[in-house]
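Here are a few notes to read with the structure open beside you. Take them in any order you like.

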Amino acid sequence: MTDADNSDPHIDISEDNATPTQGTIPNAGERQNNLPPLENIIPGVTPPKAQPNIDQQEEERKRRLKKRHNEMLIGIAAVIVVILVAGALVATASHKAPATSTMSTTTINVTKLTSITNCTVIDKPGTYYITKPISTSIKKGACITINASDVTLVGNLNMIKGSGPYVGIPPFTYAIYAKNVHNVSLQGLNLSSFSYGVYFYGVSNSTLTASYIAKQTMSDILMNDSRMNKIANTTLGGVASKQGNIYIYSGGSNLFSNDLINNSAYYGAVINSTGNKFYKDNFTDNTVDLICNLTAGLRNANNFSSSTCHSSEYCAFAQCSNVNIPPAISNVILGKTITECGNINASGTYTLSSGLNLMNYVNVSNPLSKGDACITVTSPNVHLNCKGNAIDNAMYGIYENGVYNITVSNCMLNNDTYGIYINNTQVPYVYNSTIANSVYGLYLHGANTGSISNVSVSNSTYGIYTNASTAITYYRFNLKGNDYGIYFAGGSGSTFSSGYTENNKRSDLYCTASTYNSTSNLFENTGCGVTDCNWGAGCTSKALPPISVYPLSGCYNITYPGSYVLTKNLINYTSRCINIKADNVSFSCNGHSIGGAYGSSAIYANGVNNVSISNCGIEKFAAGIVVSNSSDAKIQYNNITNVYTGVVLVNDTNPQVTGQNVTTFSSGGIYMNRVSNGIVTSNIELDGSANATGMLVLNSSNNLIAYNNATRNGKYGILFSNSIGNNVFNNSAYGNAVDYYCSPGTGGIYAQRGGVNFGNTKHDCIWLVELNPLTIAPKCYAISSGASILMTSDMLYPYGATCFNIYNTKNTSGNNTIINCNYHTMLASNGGAFVNIKNSSNVKVIDCYIKNFTTAITASAGYPTFMNDTIVSVNNSISIENANYSTILNDTIMNASHGIMISKSNYGKVEKNKMINTSIALEVSGGQGFEIQNNTANRGVIGAYIINSTLDSFANNKFLNMSEYGIDCTLFAQNASSLNKDLGGNACSSNNACYWMTASPNCKA
């Protein structure tokens, strides 16, 4: 890098393909070849290309920080005054004192403040103060360059604003650039519109605090070869590049504390170094919150405590609430002395110096974490000697695939899915090792010409599992306490000698139907209990060999596990035909039919697990298929007709119902009661009678219900009663008396995870967006003359712009417009705004359910009314500015960044609103005279935020369970002089500086 242009030869990353030209900056834009692209990990999600709008998100924090810096400046000035006065007193005293032969001099260091009003270079230690906003149009280099250590730069939140460049190719610009310095303190910065906000290059032991950095092209903070720095109480956001809001290019051991990292189009933080600590940071509204490079993402590589995030890629140290993609441990290359999990990619002898636990490397909160191998061998001619040390808690303790001449010795493996996994390996050797508490102790598939000796496996599902392997010698093995001692699924030429396989739960030596009569395997001089293998010589007990399929030619009670197939049609049965009483049963009609006389059920299963029922024709029964009090049932591809109810599920977990064709029924096509975690997809429920319902979902939760067709039924298409938390989308229901029906407890907008479903009518299913597939897009338009708009159906708005823009012109007026959604749902698939009232007065938005918009409702005109609206999963819910005499009544807001925001508006009413899980529920900034009564805010950051607003009255409000303040006042809104009134009945989780709140005991400051 040259001082002339401040460019970095290591960085050349474009927005669309942010790949470094030099150095190693993985995950900054282009993942390494072994890491999947984002769109493969989150199906259907494409990272946004437009820069998010975050202009309003931290307005109050900036005001508070600015006040804090004003106070600091006053304090500094006071210190200087005291010093000057003290100096004057000393001078006066020395003037009046008699002369002596000895003089004592005291030196007082006076802090020198240097004012900064333009872009500059700081090359001397000292304190520098930005006294006014700075705007620059530089095309490369830095606005403020810091070339000296021991520098304090105080920004007082005065904006330093650049002008791009807004592309991801050099040359770049920097708001603040510090190079090869230490002990630099940056305070109260407000930076926007540069390539980079703050660039630390070779910087150490420095701080950046109480700042607001947003809308940079490349990254808000770039750290290159920088260590031991602290970033605290700072808001970062709005970066559109794949380098993210924070980009730790190299260095490490930096601390990020109490920061808000949000609204990045790609990543909140890109981490390429170790030893960094994130403490009480909040990652939110980023496409992916954190992404890490290889070893930077291992569980102990960095620290993430008391912080929140939604998703991460390859950052195992961060336990995020939703998605964590674990690091690819196999990319860590191991040396001859092994101290960590990783990959052996060169021939030689390797020794394990201590035990390894995969949970030290991956994130235990992530269900994908255990998918890694601890030790992966990808080179031939390797000897791994564990020296008696253990490898625990991995998907694969030791993984060999497609290699040659691999020896594993003296290992202990515990709690692994596969203890030792040998696949397509030629000449494998395993000796002097123990395996316990695994699914597969020793797994061999496609192995050839090797030996297993002095190996013990216990408390596992399969002691030794072998398939398609040849010429393997098993010698002096000990297999006890497993489900299966040896499970022989396939292969030939194996020799078992001088070992023990005894006291295993299901079988000591087990053969499948294709291997029980093999003559090419040898079993001798081995202690053995139960076997079904004809060649298991010396075993004390022989079981019947397995049969792959049991044929049935009539109705039958199935009492043993196995596969059963119907061989002919069955007709005129008056009672239950197939009764399944055992676990692990597969029953198929193989295209044949079971006909009844309208009694009982054709197929019945109760209190069993892992049952499959498929390919049946069923007619003339009270119930076609009944499965109750069971788990993991699979009901697939059955044709059921002329029944009372087609498929009945009662008190089941994890069922799968797929491909049913149920027609001409008198009660229900598919009936679910107390069903959880099921999958019900691609079924047809057609032509039910006058009182019939296609699908009934009762008292059931967490089920996937998708792509079903409930059509032409006399009563309801799909009915939900007392069922919540289901994922319901892409179902079709037409020609029913009511296509979708929900009971009150099931009907709330957040009762189900509902997407777009198709039909014409619904009753109380607020969560469900019901559309005709030919008219998905609503008619949204600008309104410049008074109109009354009544919604007659749910609408999907896919355009990402403003739906209704209401305004006045010279010749026309949008005054008195009413938008009445009639309790229909307005769903946005790409953000945007639902209603924007520009300068038209007396506009009403009522009875609307608004979901997934960026902004729900904005207004900048008098007398607006927003009543009986429900707003879910938006950024800004209701925002008014210069809108006098507004009425916001009986609205519900959930899962939003901002709830009700009122700015520079007078004499309105905010009553009977509910704000749940909203960062700032109610904000009143400037203006006066609002009546705020009977509102509830629960779970958020700040309940009520009063900024310079006066003459407001508060009564019977509840601002509870807020992480920061129940109610918070700033500046002129703090004291009784604001004339704000507490009329009593208010409750707050806390009160910060609202000293006029005196009438409500639970809300006093």
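1. Let's begin with Lys904, which counts as exposed because its relative accessibility is 51%, and the cut-off for that label is over 50%. Keep in mind that this is a predicted model. What does Lys904 meet in a salt bridge? The partner is the side chain of Glu881, at 3.9 Å from N to O. This pair links distant parts of the chain, 23 residues apart: Lys904 is in the loop between β97 (892–903) and β98 (909–911), while Glu881 belongs to strand β95 (residues 876–881). Glu881 has a relative accessible area of 36%, so it goes down as partly exposed.

2. How many salt bridges does the count come to? Four. Another of them joins Lys762 to Asp794, and here the closest N and O atoms are 2.6 Å apart. Lys762 sits in strand β81 (residues 762–763) and Asp794 in the loop between β84 and β85 (795–797), so this pair ties together parts that lie 32 residues apart in sequence. Are these two buried or exposed? Lys762 is buried, and Asp794 is too.

3. Then have a look at Arg227 and Asp225. They form a salt bridge as well, with 2.6 Å between the closest N and O atoms. Arg227 is partly exposed, at 40% relative accessibility. Asp225 also counts as partly exposed, at 37%.

4. Now for the strands. There is an open sheet of nine strands with parallel pairing, and its order reads β84-β87-β90-β93-β96-β98-β100-β102-β104. Which strands are at the edges? They are β84 (788–790) and β104 (981–982), each of which pairs on one side only. Inside that order, strand β87 (residues 818–820) pairs with strand β90 (residues 844–846) in the parallel sense, over three bridges. To find the pairing by eye, look for Asn820, which stands opposite Ile846 in β90.

5. Strand β42 (residues 448–458) deserves a point of its own. Eight bridges join it to strand β40 (residues 426–436), and the two run parallel. For a landmark in this pairing, take Tyr429, whose bridge partner in β42 is Ser451.

6. β42 also pairs with strand β44 (residues 469–475), again in the parallel sense, over five bridges. Here Ile452 has Tyr474 of β44 as its bridge partner. Three bridges join β42 to strand β45 (residues 478–480), also running parallel. In that pairing, Val457 stands opposite Leu479 in β45.

7. Last, the surface. Which residues form a nonpolar patch there? They are Tyr863, Tyr885, Tyr907, Leu951 and Leu979, and together they have about 500 Å² of accessible area. One of them, Leu951, is found in the loop between β101 (936–947) and β102 (953–955). Leu951 is partly exposed, with a relative accessible area of 37%; that is enough for a patch, because patch residues need over 30%.

Definitions and conventions: Residues numbered from 1 in each chain as written. Predicted model: local features only at pLDDT ≥ 70, side-chain atom pairs only at ≥ 80, totals over all residues. Heavy atoms only, no water. Pairing = 2+ DSSP bridges. Helix = DSSP H or I, 4+ residues; strand = E, 2+ residues; numbered from the N terminus. Patch = residues over 30% accessible without salt bridge, like charges linked within 9 Å, V, L, I, M, F, W, Y side chains within 5 Å. Areas by Shrake-Rupley, 256 points an atom, 1.4 Å probe, with all protein chains shown as cover. Buried < 20%, exposed > 50% of the residue type's maximum accessible area, 1.4 Å probe, protein only.
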